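Student: Could you go through this protein model with me? I'm new to reading structures.
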Amino acid sequence: MTSSVVTHDTARRADAPGAASGTDIMSCPPETGPEDRASLGPISDEELSRLRVVPARHPGRIVLAVLVGLLAAAVLWSFVTNPRWEWGVVAQWFFAESIIRGLLETLKLTVLAGAVGFGLGLVLALMRLSNSSLISSVSWTFSWIFRSTPLLVQLLLWYNLGYLYESITLGIPLTDVTFVDARTSDLMTPMIAAVLGLGLHQAAYAAELIRGGILSVDQGQIEAASALGIPARDRSLRIVLPQAMRAILPTAFNEIIGLVKGTSIVYVLAHAELFFTVQLIYGRTQQVLPMLLVATVWYVVITSLLSIGQYYIERHYSKGAVRTLPPTPLQRLRARLGRRPVTAGAAA
């Protein structure tokens, strides 16, 4: 409303004798009061046609966009034209049976270690929030130990557990009832050692991020729910969890993506996951860079799919935080495609 009145007053003064050019007039502040501008009445189409709208210019942004575009084009041109990348070899091995088997092992390790890590992390987070000093101390000690030890060291310790304990026996104490009695070296396969190492290491970090998400919920809401007589289970699942998930999800997906890439360290246990399989192949063919590209592209594919899932899950849990959910990329694309015929018709 204010801009229209100012524009009307400016247009009136543009008709006055001795008025300056349009650009100068547009830059002059109005000299009339609110009552005088209101008495001028509505602005006409002829007066509007005399005004010139000058778009804001951002030369620095244009220069930066050109430089970034040139740099991206140079990198892409190098990838395409440099024969030493050996893209033919990459295409040859990308869907090879051995590579797919290694990829499935990587996904299996990620799912199992993620389930162990986040399942145990939830228990540790609740233990850390307990009013019992003993339970809270046990949780803190677990996180302290496993976050202070390198993952590689943990994997090697689990794999060599048979050196410390020759056999593992599980049963009812002080009785002859035994459920498991086996040699540790037979039980601790590379797969089990990898799941334990990755899962317990992940649990220490998951416990802290889940605890932080729970603490981010306003305590007053929990007190209000208790005053209304809402059961503890409903308070946790319907009040605390949806709000805590908004704080937990971004970091949790970062941890999962890191876990996908962290499975590559399992090669020290000679477990045939993706990276170990790639190592075996380029050790035989001496095609190091192309095989590393095969692994890299597969890791990019997995993390991209996880990022898409993260977007939609975060969008689901943001329903209570925003009034209107933003459109998804697919909805934006459909809207743009739907407006093209209208724009073309209007232009015609």
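Student: Which residues does UniProt list for "transmembrane region"?
Tutor: The unreviewed UniProt entry lists residues 62-79, 111-129, 264-282 and 288-313, with positions in the numbering used here, feature names shortened, and annotations that may be inferred rather than shown by experiment. This is a predicted model, in which local features need pLDDT of at least 70, side-chain atom pairs count only at pLDDT 80 or more, and totals for chains, interfaces and linings use all residues. Residues are numbered from 1 along each chain as its sequence is written, and side-chain values use heavy atoms, with hydrogens and water left out.
Student: What is the chain like over residues 288-313?
Tutor: Residues 288-313 are 100% helix and 0% strand, with the end C-alpha atoms 38 Å apart; helices (H or I, at least four residues) and strands (E, at least two) are DSSP runs, numbered from the N terminus.
Student: And residues 264-282?
Tutor: That span is 47% helix and 0% strand, and its end C-alpha atoms lie 16 Å apart.
Student: New topic: is S136 buried or exposed?
Tutor: S136, which lies in helix α8 (residues 133-148), counts as buried because its relative accessibility is 17%, where buried means under 20% relative accessible area, exposed over 50% and partly exposed in between (1.4 Å probe, protein chains only).
Student: What does S136 touch?
Tutor: Leaving out residues up to four places away in sequence, S136 touches M127, R128 and S130, a contact being heavy atoms within 4.5 Å.
Student: How many bridges join β1 to β2?
Tutor: Five bridges join strand β1 (residues 167-171) to the antiparallel strand β2 (residues 178-183), and strands pair if DSSP finds at least two bridges between them.
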